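Here is a short report on a few places in one protein model. Keep the sequence and the 3D view open as you read.

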Amino acid sequence: MTSPARQAPHHRNLTCVKEYRCKRPECLERNRTYQNLRYRKQGYGTWQPLVDATPIREHLTMLKTHGVSCAQVAEITGLYTATVTGFLYDLGPKRPRKKRATPEIAAKILAVTVDQGSPHLVDSTGTRRRLQALACIGWPMKTLAPYIGVHSATANRLALQDRVSRSSATAVAGCYARLRDQNPEDHGVVAGVARRVRNAAALEGWRDPQWWEDYGRIDDPGFDPATVPSEPGFLERARIRREEIIHFAWHGDTPEQILDRLNGEVSIATVRQIVHEWRTGQKRQRTVAA
C-alpha cells in the first residue's frame, strides 16, 4: 500500500522541494537557480552557505532587553517566529539552539533596530528631568502618580528608565505643565514631606522648573546641565543685592523706591539697614539685638 505524499506547508523556499519533493514548476525553478548559484560559487571558492550565529544571538538579546520580542523581529524580517526564537533557545529534544545561519537570515535579523521593534518607546530624558524638576519644588513621586495616571511605583520607575512609552512621556509632560508653577503644600502635601523632597533633590543636583525655563533643552539628551555654570550661592547673591541697593541709594532713591526697583525680593528692613550702613559707614554687629 502506497502512503499518500506529504503536502508542503508552504512554497516560499527550498524546503518544499528538498523535504516534500514538490513538483510545482516555480518551486523546481527556484531550486534549480539555487543549485546553479551554489555550483558557480563553489567553483570560484566563494561558497559560504552558513555563518556563525553568535552575532545573531547577541543582537536578539540586546533587542530583548529593550523590549523587542522575537515575534516582533519575525514580523519585521518576514521570518517565522520559530526561526528567530531558535537562535536563543532549544525548540525541542531534536531541535537544539541554532549555531549557524544563512547569510540572508543573518543580514535580516542584524538589520532590525530598537526603534523598529518598539516604535511606542521614546527616550526618557525629558520625562526624567520633568519629574526631577517637580521634586525640586517639593512634589513627591507618589503624589505625582495620580496626575500622571499611573501607580506610585510606576512613577518612580519612570524617573529611572532609559526609555518610556510615548503615552507615559505625554502624561508626564502634561503633569509638569500643570504643576510646575504650583506649591505642593497647597495641594495636600505635608510641609515636612515637601521640605525633605526638596532637600533630597538639591543633594542630587537636580534643576527646578525655573532653571529649565531659563535654559530650555529639557528634552535634549545631548545637553548636560552639569556643564552650565552653577548659580551664585547665598552669600554671593547677598553681595550682589547689597551693591544694587547702594547703587540706587547713591542716586538718591528712598528705601521704598529701592524696594520697588528690586520687586520686593528683600524686606524693607534689609534695605533700610544697608542704606543706613552705607550712609554712616558703620555696620551693625549681628550678635547685638537691633
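## Two packed helices

Helix α9 (residues 141-148) packs with helix α11 (residues 166-179) at an angle of about 110°. Their axes are 9 Å apart. Angles of 65 to 115 degrees count as roughly perpendicular, so α9 is roughly perpendicular to α11. The crossing of α9 past α11 is right-handed. Bear in mind that this is a predicted model.

Which residues make the contact? From α9 come Leu144, Tyr147 and Ile148. From α11 come Ala171, Val172, Cys175, Arg178 and Leu179. Sorted by class, the contact of α9 with α11 has seven nonpolar residues and one charged residue. It has no polar residues.

## Ser168 in helix α11

Stay with α11 for a moment. Ser168 lies in this helix. Is Ser168 buried or exposed? Its relative accessibility is 16%. Buried means under 20%, so Ser168 counts as buried.

The side chain of Ser168 also has a partner. A polar contact of 2.8 Å joins it to the side chain of Ser165.

## Arg129 in helix α8

Next, find Arg129 in helix α8 (residues 125-136). Arg129 has a relative accessible area of 9%. That value is under the 20% cut-off, so Arg129 is buried.

What does Arg129 touch, leaving aside its neighbours within four places in sequence? Arg129 is in contact with Trp212, Arg217, Ile218, Asp219, Asp220, Phe223 and Pro225.

Now compare sequence and space. Arg129 and Tyr176 are 47 residues apart in sequence. From C-alpha to C-alpha, Arg129 and Tyr176 are 10.0 Å apart in space.

## His59 in helix α3

The last stop is His59, found in helix α3 (residues 54-65). Is His59 buried or exposed? His59 has 14% relative accessibility. With the cut-off for buried at under 20%, His59 therefore counts as buried.

Leave aside the neighbours of His59 within four places in sequence. His59 is then in contact with Ile109, Leu110 and Val112.

Note on methods
Residues are numbered from 1 along each chain as its sequence is written. This is a predicted model: local features need pLDDT of at least 70, side-chain atom pairs count only at pLDDT 80 or more; totals for chains, interfaces and linings use all residues. Side-chain values use heavy atoms; hydrogens and water are left out. Axes are lines fitted to C-alpha atoms, for helices over the stretch in contact, and angles run from 0 to 180 degrees between N-to-C directions. Helices (H or I, at least four residues) and strands (E, at least two) are DSSP runs, numbered from the N terminus. Angles under 35 degrees count as roughly parallel, over 145 as roughly antiparallel, 65 to 115 as roughly perpendicular and the rest as oblique. A crossing is left-handed if the near helix is turned anticlockwise from the far one by less than a right angle, and right-handed if clockwise. Contact means heavy atoms within 4.5 Å. Ala, Val, Leu, Ile, Met, Phe, Trp, Tyr, Cys and Pro count as nonpolar, Asp, Glu, Lys and Arg as charged, and the others, Gly among them, as polar. Buried means under 20% relative accessible area, exposed over 50%, partly exposed in between (1.4 Å probe, protein chains only). A polar contact is a pair of N or O atoms within 3.5 Å; within protein, one must be able to donate a hydrogen and the other to accept it, and residues adjacent in sequence count only if both atoms are side-chain atoms.
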